[in-house]
Amino acid sequence: MELRNFHELIAKVQNNDTKKRVAVAAAHDEHTLEAVFRAMQDKLVEPVLVGNKEKIVEIIRSLKVEFDENTIINTESDQEAAEKTVELINTGKADFIMKGKLQTADLLKAVVSKEKGLRTGKVMSHVAILEVPSYHKLISVTDGGMMMYPDVEEKKQIIENAVDVFLAMGYECPKVAVLAAVETVNPKMPETVDADMLKKMNQNGEIKNCIVEGPISVDLTLSSESAAIKGFVSPVTGDADILIAPNITTGNIMSKAILELAHGKMAGMIVGAKVPVVLTSRGATSEEKYLSLVLSASAAK
């Protein structure tokens with residue numbers, strides 16, 4: 001199966017038998033709560049709110065939302081909110097996490113804690129899913145928000161993290177493009193060497209449940225016509241699901257350029273921990289936060 005847009009992903013999550021519970025760390029943030037309650041009203045998630053209870057109640061009443069205020073978990077600091085949120089995951093009282101009004105570092109410190117955190121031994125990476133008017137289905141860019149300069153082993157795990165997200169959305173064998181500026185291996189361009197190694201790992205069964213192509217340029221990835229002109233034959237050309245960026249800068253620029261210039265919509269989350277973590281930027285719109293909730297609800301186990 002393939003998902004053409006976020007409407008189809010929303011419908012898929014709404015059809016789930018059970019609603020995922022999202023633990024919101026430092027939930028005293030109006031834009032965050034707008035997104036959370038929209039997702040709740042659309043029967044996508046069940047919120048567990050953690051943070052400054054007085055401020056959370058004030059925002060809930062200003063939004064005129066019906067919510068049991070007795071269920072709000074009051075905390076005295078951002079650190080306590082982050083730790084309590086992680087505890088909710090570890091005790092089975094929530095299915096994934098969303099960042100509210102606290103520093104990313106404070107939340108991640110609790111998530112990666114050796115004693116009480118949510119690490120699994122895997123690389124934690126950022127997966128962005130984009131809906132682009134000029135492309136025929138949802139497409140992912142990774143990693144543009146977590147891993148700065150991944151080596152080939154880390155890129156392998158970044159691919160596996162993204163593939164897991166697509167499998168959870170119902171895909172059988174997502175198509176992965178490991179991006180570079182050219183389609184040939186050049187030792188002076190390390191990303192082409194990595195891409196070639198990753199393709200071979202896929203061919204020999206080390207990277208499973210997907211088709212990996214690389215090195216491949218972005219024009220050949222997205223346009224089967226460009227690939228035909230260059231004589232590049234691959235099932236990935238013109239039909240890629242996942243774009244693997246060579247580094248965080250490339251992934252970040254690509255995602256933001258698509259949003260601004262191609263009028264795309266984006267959802268994003270951190271994966272590789274026990275549960276997805278919705279970690280949108282401070283400049284993210286309420287819609288991006290909402291779509292990120294939908295994405296995480298689809299990926300949460």
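This is a predicted model: local features need pLDDT of at least 70, side-chain atom pairs count only at pLDDT 80 or more; totals for chains, interfaces and linings use all residues.

Modeller: Helices H2 and H11 cross in a right-handed way. Residues are numbered from 1 along each chain as its sequence is written, and side-chain values use heavy atoms, with hydrogens and water left out.

Now the two partners. H2 covers residues 30-41 and H11 covers residues 286-299. Helices (H or I, at least four residues) and strands (E, at least two) are DSSP runs, numbered from the N terminus. The axes of H2 and H11 are 8 Å apart, at an angle of about 45 degrees. H2 is therefore oblique to H11. Angles under 35 degrees count as roughly parallel, over 145 as roughly antiparallel, 65 to 115 as roughly perpendicular and the rest as oblique. The axes are lines fitted to C-alpha atoms, for helices over the stretch in contact, and angles run from 0 to 180 degrees between N-to-C directions.

Which residues meet? From H2 come His31, Thr32, Glu34, Ala35, Val36, Arg38 and Ala39. From H11 come Ser286, Glu287, Lys289, Tyr290 and Leu293. Contact here means heavy atoms within 4.5 Å.

Look at Arg38 and Tyr290. The charged end of Arg38 sits over the ring of Tyr290, 3.7 Å from the ring centre. A charge sits over a ring if NZ of Lys or CZ of Arg is within 6 Å of the ring centre and within 35 degrees of the ring normal.

Ala26 is in the loop between strand S1 (20-25) and H2. Its phi is near 55 degrees, a positive value in a residue other than glycine. Ala26 is buried, because its relative accessibility is 0%. Buried means under 20% relative accessible area, exposed over 50%, and partly exposed in between (1.4 Å probe, protein chains only).

Lys64 also has a positive phi without being a glycine, at about 60 degrees. It lies in the loop between helix H3 (53-63) and strand S3 (73-74). Lys64 is exposed, at 75% relative accessibility.

H4 (residues 78-90) and H5 (residues 104-111) pack at about 40 degrees, with axes 9 Å apart. H4 and H5 are therefore oblique too. Their crossing is right-handed. H4 brings Asp78, Ala82, Glu83 and Val86 to the contact, and H5 brings Asp106, Leu107, Ala110 and Val111.

Last, two peptide bonds. Thr142, in strand S6 (residues 139-142), is joined to Asp143 by a cis peptide bond, with omega about 5 degrees. Thr142 is buried, with 0% relative accessible area. Asp143 belongs to the loop between S6 and helix H6 (152-168). Another cis bond links Gly214 and Pro215, with omega about 0 degrees. Pro215 lies in strand S8 (residues 211-216).

Definitions and conventions:
A crossing is left-handed if the near helix is turned anticlockwise from the far one by less than a right angle, and right-handed if clockwise.
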